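I am new to it and would like the terms spelled out along the way.

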Amino acid sequence: MPYEAIQPERLEQFKRQIEAHIYTKAAPLSVDAFVTREPVPYTERESGTHLGSIQPGDKWGGLWDCAWFHFKGNVPSEAAGKKVVLLIDVNGELCLVDLEGVPVQGLTNINSEFDLSLGLPGKRVVPVTDFADGDEIIDLWGDAGCNDLFGRYQSGTLREAEIAVCCETMRQLYFDVEVLLELALHLDPSSRRSQILQALYDVSLTMNVFDEEHAASARERLAPELQKRGGDPTLTVSAIGHAHIDLAWLWPIRETIRKGARTFSTVLHMMERYPDYRFGASQPQLYQWMKEHYPRLYDRIKARISEGRWEIQGAMWVEPDSNVSGGEALIRQVLYGQQFYEQEFGKRVRMLWVPDIFGYTAALPQILRKLGIDYMVTQKLSWNNTNDYPHHTFLWEGIDGSKVLTHLPPEDTYNSPAAPRSLVKIEKEYLDKAVSDCALMLFGIGDGGGGPGEEHLERLGRERNLLGLPPVVQELSIDFLDRLNIRADRYKTWRGELYLEKHQGTLTTQAKNKKYNRRMEKALRELEFAAVLAESRCNIAYPQRELDEIWKEVLLYQFHDILPGSSIKRVYDESIARYEVLLERTEQLIRERYAALAARACFPESGEAAIVFNSLPWERNEWLLIAGEWKQVSVPAMGYSVMNCNAGSTATVVSGLSAEPGRLENEWLRIEFLTDGTIGSLYDNAAGRELIPPGSAANRLIIYDDKDGDAWDFPADYRSRLSEQALLRDTRAYVDGPEAIVEQTYLFGQSRLVQRIVLAAGSRRAEFRTQVEWRESDKMLRAAFPLDIATDQVNCDIQFGYLKRPTHRNTSWDYARDEICAHHWIDLSESQYGAALLSDSKYGFRASGNELDINLLRSPAYPDPEADRGTHEFAYALMPHTGDFVQAQVYKAGYEFNVPLRPYFAGKSGTNQNVDYRRTFFSIDHPGVMIEAVKKSEDGSGLIIRLYEAFGGRTKAGLHVGLPFSRIESVNMMEDQAEAIAAEPGEPVALTFSAFEIKTLKVMF
């Protein structure tokens, strides 16, 4: 006679029956609510609109409303001797507090939108007592947000508020059955699978009454299956609790602060219940918020960190975007992050923790290694559309040759349910298991916070060494990474950028935010330079504290769901308002310091004096409009020039310039326009070369259909869809001093674009200064430039160097890399000629064949239905050049396009006869070395000069320091580990660079 066929569906039903009998409702809680639009502290908990007593099913708020809930009740006498809990669900996020308002436990509504394959993220159970007297008084307050875990609105009604009796034996049986059933279903047909299913089937037959006695009997029957152990492991899984908390995304920043309190209080609560539990959290900004808003909770966190059960992770201030963020900003992310960890916890971390960022610049390995970071943990590469990265464990090599050991948790998630399927997947799909015997698992509910619940920890307790699964140990990630590093010589190397084949739209979405970020990065660089000079020359105090505050806020807005443009409208309304304040304050500080320097440098001739500052490390010769007069100025490297503003205009009419509606020309370039406003010819007079291929047109302003896109992604087939070209409505041409200008007005849909195409006297670039009133929805605006240049590579400016990418689509990897990131410039070059496309605020480009294409604006409908609608101003430029992009020093043109000369008035002249009309404070005698930053050292004992090699080759260069100094040291980016450098005041400091090497020098006075 055959055995009874065991149906897994029946066992799943049996599991649900057990779950339904864990809690028995004993008495309702009375509930009061006090509603406010914004959060209020515990001391003001009754200041909101009092709703009075509300019942399950009653509405209490709308999206982003806040409320203090008051839960009251009495444990009934019939619950005496039993385990008692509360079941609470306010259909939102709730944080219970103690009598002093300190967070003690977070509760998440059970119908949060989530990937339910990872487990239901509901937390609704509040322990009261394991052994009730039967007369306990319940009196609890909780701080609620009327939104689910991911910022959605789920009707804002109270769903549940009950005192309940918990059958602990039934609860334990539930997890016994869950773990064994899932293990069996993920095992290949084997005796182990058959025995587990038979045991579960037997229990389901005998347990016809769901009470404690039958539950205990069932646990005894299942115990042997849970006690079976594996043999010597071939792979060990290291598990650490995690709660990836986006600092803004589908909710505003203010809600993140409360998410942190809810999540971290739950972690601390679970640590009391589960001694093996290890948890880690990154982002010093989040810890800083806890310190400011929840100091008592923060003290408890610090105690667990000191104990060694809570791991501080990720050296960066936030988990930033690494495509759009500038190089110096990435350094400051780690610098400020490590400073915070060291000051607060007495330690630095050695891993970069960026599970969710949207691509990884090839400059990052060197930055990390020079900041003392040995490892990187990430996960997002598993989201690739077309190609799977061939490794989970590998050495990532940057453009300079630096390597960082990188691990992608093989489960391909940072929200692991810690279930048997998790461990089975890790063992099955770990791509490097042939050479590695360990892998990492990050368990808990993330993205919106929440972290691990009891279900994760109950499962792990049963899976520690369960036959059929790889063993799992809860430990800190750094212990895992150090063990992983033992076999570093066996791992493969991936060189260059780690390109994410999704989220290409994030290089463009929310253009204003990206422009402000660029302007803030450049303004902070300028301020630090000006502040160093003002302190040394004018005795004006260096604004260290204010600089730190501004930098940290800018770094916050570089978070990987803010800067990429993938947050809700409120996030951008608030961040842009703050950017305006930050930029104005930064510019004010610059003005004050340059004005003081200008006053000191005034010269003795009669009339008004002006001083023009140049913060770039090479001499610049440009036209400036000063006091209504055009002046041709020459300003030395990282210094100033003094000029007499009353000497009259250098030239009101400049020879060699021509502007007609169909034509622009200076001594270098001649541009001819077609009737639709596009460029039909761009002729290089000096090279005798036409840049636009026959039959082609450049600066084609094309509007593409983007209706299937969102903030992250535009349709991959957008170029195959119907598109339209902006229609030219008006053209006028004129010459303004040294600038020949054709101004074109375009209309399309509900939008209007005005573009001034400018050729300046002596300039080799054609500038496109653009104003757009953009009113389109689900559209994308791009500008295309076909060029008569033969090459199969495009050269792209990235942080601290450049990257070469193919312009063909020969392989699936080339095909998937359709939209690419660049900062100041992107360039096509032959051996003796080329052309660069410069930008002042754009990051998304396409290079296909001989065509360069720049993504200007996008207006997706989600998650911000008003993304990019409004007024925009930006500029880009096309610069032909002789020689390739290195010989033409294109990187300098990119900096000049983004870092303007700054003129200031010095007032009436004085009688000082010993005036430096031109002064250089810092310079480098090699054109391929860039001075990226000059600032005061973090310890205040000197100043820091950061330089990098920009051409991509070994170089010797001499650094000139025009301030008196006592010694110079080479330091790492944390500004320690000093090594003396031979240097004498007045003499160049001899430096040797390898390709793309970044050097940090400390100058002491």
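His824 is buried, with a relative accessible area of 6%; buried means under 20% relative accessible area, exposed over 50%, and partly exposed in between, using a 1.4 Å probe and protein chains only. The model is predicted, so local features need pLDDT of at least 70 and side-chain atom pairs count only at pLDDT 80 or more, while totals for chains, interfaces and linings use all residues. Residues are numbered from 1 along each chain as its sequence is written, and side-chain values use heavy atoms, with hydrogens and water left out.

His824 sits in the loop between strand S39 (820-821) and S40. Helices (H or I, at least four residues) and strands (E, at least two) are DSSP runs, numbered from the N terminus. Contact means heavy atoms within 4.5 Å. Leaving aside neighbours within four places in sequence, His824 is in contact with Arg518, Lys522, Asp797, Leu837, Leu838, Ser839, Gly894, Tyr895 and Asn898.

Gly894, Tyr895 and Asn898 are also among the buried residues of H17. Helix H17 (residues 890-898) is mostly covered, with eight of its nine residues buried.

Strand S40 (residues 825-829) contains Ser829, which is buried at a relative accessible area of 11%. The side chains of Ser829 and Asp827 are joined by a polar contact of 2.5 Å. A polar contact is a pair of N or O atoms within 3.5 Å; within protein, one must be able to donate a hydrogen and the other to accept it, and residues adjacent in sequence count only if both atoms are side-chain atoms. A polar atom of the Ser829 side chain also lies 3.1 Å from the backbone nitrogen of Phe885. Not counting residues up to four places away in sequence, Ser829 touches Ile789, Thr791, Asn795, Gly834, His881, Asp884 and Phe885.

Another buried residue is Arg258, at 4% relative accessibility, and its place is in helix H5 (residues 253-273). The side chain of Arg258 reaches the backbone oxygen of Ala144 at 3.2 Å. Beyond its neighbours within four places in sequence, Arg258 is in contact with Pro39, Cys66, Asp143, Ala144, Gly145 and Tyr294. Arg258 and Pro103 are 155 residues apart in sequence, and their C-alpha atoms are 9.8 Å apart in space.

Next comes a pair of helices. The axes of helix H2 (residues 168-186) and helix H3 (residues 191-206) come within 9 Å and cross at roughly 145°. Axes are lines fitted to C-alpha atoms, for helices over the stretch in contact, and angles run from 0 to 180 degrees between N-to-C directions. From H2, Val177, Leu180, Leu181, Leu183, Ala184 and Leu185 meet Arg192, Arg193, Ile196, Leu197 and Leu200 of H3.

The last region is a sheet. Strands of a sheet pair through backbone hydrogen bonds, either parallel or antiparallel. Here three strands form an open sheet in the order S47-S50-S53, with antiparallel pairing. Its edge strands, each pairing on one side only, are strand S47 (922-924) and strand S53 (989-993). Two strands pair if DSSP finds at least two bridges between them. S47 and strand S50 (residues 955-961) pair over three bridges, and the bridge partner of Phe922 in S50 is Val961.
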